[in-house]
Amino acid sequence: MPASSDSTAVASTSAPPDAQTPLAVEPSRGAWSLSPPENASATGDRIDALLARSHGFDFALAAVMLGWLLVAVLRFRGARKVAPDGGTRRSRAWVLGLALGVFGVVDGTLFLGSEGYLRDVLWNLRVPAEDPRTVRIEINAHQWSWEARYAGADGTFGTKDDVVTWNDLRIPAGVPVWVQLVSTDVVHGFSLPAFRVKLDAIPGRVNQTWFQAAREGAWEAACYQHCGTSHYRMRGMLTAMSPEAYAAWLREAGRQAAQTYDADDTAAHWGWAWRTP
Amino acid sequence: MTPGALLRSLWTTDPQRVARQYLWGGFLFLLVGGLLAMVIRFQWGWPGQPVPGLAWALPESGGAITPPTYTAVFTMHGLLMIFFAVTPLLFGALGHFVLPLAIGSRQMAFPRLSAFGFWAYAVGGALMLASFVVRLGPASAGWTSYPPLATPAFTPGLGQTLVTVAVLCVGVSAFLYGLNFVVTVVRCRAPGMTWGRLPLVVWGLFYGAVLNVLFVPVLAAATGLLLLDRVAGTQFFIAGAAAVGGGGDPVVYQHLFWLFGHPEVYILILPAWGMVGDFVAFFSRKPAHGYRLTAGAMGAVTALSGAVYAHHLFTSGMAPVLGRTFMVLTLLISLPAEVMFLNWLMTLWRGSVRLTSPMLAALATMIVFGLGGITGLALGAVATDVPLHGTMWVVGHFHLTMGAASFLAVFAGLYFWFPRMYGRALDERLAKVHVVASAVLFIAVFGGQLVAGYAGQLRRLYDPYQYAFLAHLLTLNRWTSVAAFLLGAVQLVFVVNLVRTLGWGRASEPNPWRVGTLEWTDAGPAAVVLRGPHALSQPEVQQQLGRDWIGQAEPLPSGGLAAEPVAPPVPGVEGAG
């Protein structure tokens, strides 16, 4: 039951959050752009920097490989004099040393950069757990939509003012958002490309992740795990609002939810215990 | 021919004839899988438009790809290519052909297993083709067949079941030739054919066969349990709304599947690596640089291959301790790969490079494998894997390594061994055009996928442009599709070459590439192997025989041992001694 959006002051002027309408949006970037999707996450620049570095490694290694190969083939094509052995002790030591060096620099950078991000952000659920401003959302993936549940004004899940939306995620900007992710039917993949967020929604499991919007705006949520015929239409919108606008929206949506609350509709009352890390 | 005689000729236990059976089977499925790839590319370039020439197959939509058709198409493309085209061509065809000959054995250790393996593969292939015409169509749950999507509640119909059985059949086949190759290499080597004298391609096939024996049963377990979930009402992998009572766990399937699925990548690429190692030495006319290091590096990759599988599950919500472990192991596997690659480059250096068609294909394999390997680095570290996971970047990466590199290696092997296989040499000029054009277009197509993936395009989307953040990629995808169609068209050069050679080709020389491995120089059943496979450009051979190569089992007139390439043992690298 999506809340009416005209009752709130949504900061963004994006298309309505309706995954069933094909888009007629002007391309925002050049077709050959090598840049990842626009970053809207407060922590995404760390991933982007690491990704760019790995991209740099890709180019450097490819250039060395192709250059060496080309020079070797051109220079020694049909050469008269040939070494009759499989290399000297020294040349083999060079190979080992060079491989170790490249491994140390390239893999080492990726490992250390990744490890730092995992420690500080991706697997550090203490950040949302300890921040009093944190907003919790329970997302239930279905064929083929994202059902989201908000605790409502009372801050507790499983009460009358729980707000439920479909393909319409609302969050306050500048605040940690803690997501608890489940699936009802098949394996889905919850992704917010603009937030560098990606996590499987697996039946029988509760997965958690968190992120924080750097600014207000609207971005797409997509399913990245093949989940059946209409997988490509499992599109949702995530709208980051100012904390005040978010509070106003949640209050109004919670009021409406409480009015239409039906105690007998047990199918609508899903929820999973939040286990803190 | 009487039916009995036909049956007897089909049930052949001669490895070379089994190899030819696999070759034609592999090409048939390569054709089907390739056409399906063209359909996918058309859909991404011109979404929802009628595909020219497909109106007969899809009368209801006038030839346009619909979402259900599309899911079936990419599922069948993946399954056919991996299980019925690349693996059978590398192991079934080239492996059965070259492995016994190259180690100086006329037969496989278990000849009847070879025949049985082929027929298991053929039955599986027939089931795959049959699934296209059953009600509700073929499988559509992706080549990984993740449950619960692959269970009847979400993918009803006989097609998915037939395909599951087909994968089991091809698993039986892969296990049997794996077992057969391992025992053959261990037990049937000619006298003097020590482990240190095996051609690198035999090393590659041997390691790949070991992986088959170890990990194909894991696939069989996953697929078998999935089949029970489909037909017998069990719930090994079913949870959520579809589960009745307790239910199972879908993640268990993912672990089982990738515990096979990742080694499968190395099953496909190890024989290719072996061929590159040998061909680069042969056509640089010098011994392979660091033979033991290369064989040891291939062994290290084999040993690690099963221990890296869970990087496919970085986004499944696995425990951080597992995520970190698999990140380290995954990054570690790039080290032996680098050692091997540098050895190939060092073999070229100061060689006398001859750009024959197998050599061009081997160099092309090196390049596309190199690009594929490099683009995999970011997928090994968790933080960079997250944004790229499930995108076209992954698709481009594994198509370069498993698709482009494996196929170019198949063609390298075929151009190299065809004279020995059929007594006729393929036309060199056509072969070179085919190899170079294919390599360039492979890079264009899969490079286009990498770019689309880096820009965020998720894989397996029927219509990616439903998403605003992907709308700008239509132009890129259209050009990539054009390159893909050209790539498909270029394969006709190979077909023409094949038909022309088989129909009207002249007999080839007995050893056209002037190399010493046993499949070209076997001196008879009593031959004793005297030296390694790369005894090229040895001074005493040139002096006494006037040529720059000598057979592995050919004695030097003076009686001296023509240079075993000097290779002192290297500490710390596992043994190719």
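## Chain A fold and its interface with chain B

Helix α4 (residues 243-259) of chain A lies across β1, β2 (145-150) and β3 of chain A, at about 105 degrees to β3(A). Angles run from 0 to 180 degrees between N-to-C directions, with axes fitted to C-alpha atoms, for helices over the stretch in contact. Helices (H or I, at least four residues) and strands (E, at least two) are DSSP runs, numbered from the N terminus.

This is a predicted model: local features need pLDDT of at least 70, side-chain atom pairs count only at pLDDT 80 or more, and totals for chains, interfaces and linings use all residues. Residues are numbered from 1 along each chain as its sequence is written.

**The sheet.** Five strands of chain A form an open sheet in the order β3-β2-β1-β5-β8, with mixed pairing. Pairing needs at least two DSSP bridges between two strands. The edge strands are β3 (163-166) and β8 (207-212) of chain A. Strands β1 and β5 of chain A pair in the parallel sense over seven bridges. A:Ile139 stands opposite A:Leu181 in β5(A).

**The interface.** Contact means heavy atoms within 4.5 Å. Buried area is the accessible area (1.4 Å probe) lost on putting two parts together, summed over both.

| Interface of chains A and B | Value |
|---|---|
| Chain A in contact | 96 residues |
| Chain B in contact | 104 residues |
| Buried area | about 8,400 Å² |

Carbon and sulfur atoms give 71% of that area. A:Trp123, A:His226 and A:Tyr232 lose the most area in chain A, together 9% of what that side buries.

The interface has two salt bridges (side-chain nitrogen of Lys or Arg within 4 Å of a carboxyl oxygen of Asp or Glu). B:Asp249 forms a salt bridge with A:Arg205, the closest N and O atoms being 2.7 Å apart.

Technical notes
Chains lettered and ligands numbered in written order. Heavy atoms only, no water.
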